[in-house]
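Please look over the sequence and the fold below before reading on.

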Amino acid sequence: MNEKLPWWKQSTVYQIYPRSFYDSNGDGIGDLNGITQKLPYLQTLGVDVVWLSPIYQSPNDDNGYDISDYQSIMAEFGTMEDFDRLLKEAHALGLRVVLDLVANHTSDEHPWFVESRRSKDNPYRDYYIWRDAKDRKEPNNWGSCFAGPAWEWDEQTKQYYLHLFSKKQPDLNWDNPTVREEIFSMMRWWLDKGIDGFRMDVISLISKEPGLPDGVPMATGYTSFNVCANGPHVHEYLKQMRREALAPYDTLTVGECSGVTLEEAKRYANADGSELNMVFQFEHTDMDFLDLGHKWGYQKVSLPRLKEILSRWQVGLHGIAWNSLFWQNHDQPRILNRLGDPVHYRERSAKLLAICLHLMEGTPYVYQGEELGMTNYPFQSLDEFRDLDSIRAYEELVPRFWSHEEMMDALRYKSRDNARTPMQWSDEPQAGFTTGTPWIAVHPNYRTVNAKAALADPSSIFYTYQTLIRLRKEWPFLALADYRLLLPDDEALFVYERRLESERLLVLCNFSDKEQPFTLPDGYEHASILIQNTGRENVSQKDRLKPYEAFALHQIV
Ligand code: NOJ
């Protein structure tokens with residue numbers, strides 16, 4: 001690593017969804033001891049940081065994103081001793097551990113909310129956002145991310161409370177300074193334990209517009225939950241968090257910023273270090289949204305549009321802020337089904353996606369199973385889904401907008417459960433994930449798509465990731481070089497160049513299942529092939545890229 005660069009600019013992060021990673025006790029649910037057992041696997045992959053989706057006590061309405069105690073561990077996942085051991089062993093292997101900070105909302109079973117709903121004059125009342133009814137209805141037209149209104153009527157105190165997610169996830173009132181102090185003190189408690197940072201859940205939504213005005217409704221009659229994105233005090237609150245919680249510690253901070261624009265990201269992730277290190281933006285994952293104003297309507301992804309988005313973020317943040325690089329996470333379907341060809345070119349297109357993303361500027365994130373080329377699950381019926389988002393969306397959209405079959409197609413393509421099927425470790429029953437009955441079905445392709453097979457095959461997707469991860473660590477060029485998109489309108493080729501002083505990198509990716517001719521730009525006649533996905537050994541000035549072929553050329557001029 002280069003001492004002059006912060007470690008998080010030369011690191012690759014691996015995201016674990018603990019429920020689906022590895023079950024050490026046979027109850028069908030992944031757990032902390034399971035993660036500890038698999039740390040050597042992550043070390044072989046070469047990642048530097050592990051981000052754990054929430055591991056805290058939770059009634060699991062939204063799989064842990066509804067927290068009822070920030071300072072204890074979900075019983076299904078283990079104990080605090082298990083966590084301490086995980087942290088110690090990870091550090092001993094040189095892996096840093098980042099936790100999920102879910103602070104826009106708590107569970108309705110959190111003691112703060114239990115108190116808050118007791119009476120209007122309860123000291124915790126103002127920890128949450130309570131409002132009177134307006135014309136005997138909700139106070140405004142805001143919609144929940146999980147269908148329906150963002151307000152729930154409370155019979156006991158005759159007011160509504162705000163929940164941008166499920167009604168079991170009431171929004172905290174960040175305008176209350178005591179709430180902020182509670183969150184910062186909890187963060188310090190974890191940092192004192194030795195964790196290495198936070199991924200901050202929907203942090204762009206914490207500051208609500210005063211007066212909570214109506215927003216532009218979607219076809220459902222409600223606004224998108226993003227109506228609260230980048231609110232008036234969000235930067236002030238994050239600066240305070242930096243000063244009062246993060247400043248003394250050496251951390252990685254990444255804000256999940258739904259609804260973030262490039263201009264806003266320059267503030268959230270500014271190189272002056274006053275707020276976060278980087279944000280997750282969602283323009284490139286949301287680009288296939290169509291009607292109904294949210295994710296269930298979808299259209300074919302246009303490559304020129306994808307290139308425009310990623311390139312705008314590359315160029316826009318260079319030297320000003322910092323990018324995160326990701327194709328997927330626990331909320332997104334598998335990227336192979338979105339941008340690759342999981343049937344005819346599964347391995348090759350998975351490697352193409354890795355090469356294309358990992359040679360850009362930013363911190364790359366690998367979501368569990370991505371390094372194996374895991375794919376969307378072939379869901380056949382509604383009862384196979386576990387995710388409340390998928391189930392609520394079905395109830396909201398069928399039959400009012402869509403037929404059962406149309407919705408099933410949308411769910412198969414977009415449901416978050418596609419990312420949440422168990423990690424495929426081997427060709428043993430249940431993919432070696434559990435000796436019991438898994439909480440959600442294992443993908444039937446586990447007999448061929450699994451970690452054991454990938455590790456045994458030197459040409460597997462796993463090793464392409466391993467190479468890219470090593471390059472990121474060893475080669476500061478990837479953090480420092482500038483970026484230029486070539487052929488912006490080409491419908492099949494994604495080609496970009498990076499330059500730093502006398503060094504050049506040219507990345508060529510064919511995002512189609514047809515051969516594509518190309519002409520090398522000047523200056524690459526004597527370049528060497530840095531990485532490739534077809535066994536290519538040389539390249540001529542006029543050449544052809546095979547279906548889903550990708551390679552990168554390195555040249556010192
Ligand atoms: C974003 C998380 O990534 C998602 O899984 C969760 O449902 C919502 N925030 C609410 O916490």
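How many residues line the largest pocket, and which of them lie nearest its centre? The lining holds 43 residues, and Cys-145, Phe-165, Phe-225, Lys-295 and Asp-389 are the ones nearest the centre. A pocket here is an open set of points on a 1 Å grid over the protein atoms alone, where a 1.4 Å probe fits and protein lies on both sides within 12 Å along at least five of seven lines, and lining residues have an atom within 4 Å of a point. This is a predicted model, in which local features need pLDDT of at least 70 and side-chain atom pairs count only at pLDDT 80 or more, whereas totals for chains, interfaces and linings use all residues. Residues are numbered from 1 along each chain as its sequence is written, and side-chain values use heavy atoms, with hydrogens and water left out.

The largest pocket contains about 720 Å³ of space, a volume being the space filled by probe spheres set on the grid points, which are joined across faces, edges and corners. By class, its lining comprises 14 nonpolar, 16 polar and 13 charged residues, where Ala, Val, Leu, Ile, Met, Phe, Trp, Tyr, Cys and Pro count as nonpolar, Asp, Glu, Lys and Arg as charged, and the others, Gly among them, as polar. Helix α11 (residues 388–397) gives the largest share of this lining, three residues; helices are DSSP runs (H or I) of at least four residues and strands (E) of at least two, numbered from the N terminus.

The ligand sits in this largest pocket, in the sense that more than half of its atoms lie within 2 Å of the grid points. Around the ligand are 14 residues, of which Asp-62, His-105, Asp-201, His-330 and Asp-331 come nearest, a residue being counted if one of its heavy atoms lies within 4 Å. Among the polar contacts (pairs of N or O atoms within 3.5 Å), a side-chain N or O atom of Asp-201 is 2.7 Å from an oxygen atom of the ligand, and a polar side-chain atom of His-105 lies 2.9 Å from a ligand oxygen. The protein covers 98% of the 290 Å² of accessible area that the ligand has on its own, by the Shrake-Rupley method with a 1.4 Å probe.

Turning to the backbone, Val-398 and Pro-399 are joined by a cis peptide bond with omega about 0°, and Pro-399 lies in the loop between α11 and α12 (404–414).

Notes:
A polar contact is a pair of N or O atoms within 3.5 Å; within protein, one must be able to donate a hydrogen and the other to accept it, and residues adjacent in sequence count only if both atoms are side-chain atoms.
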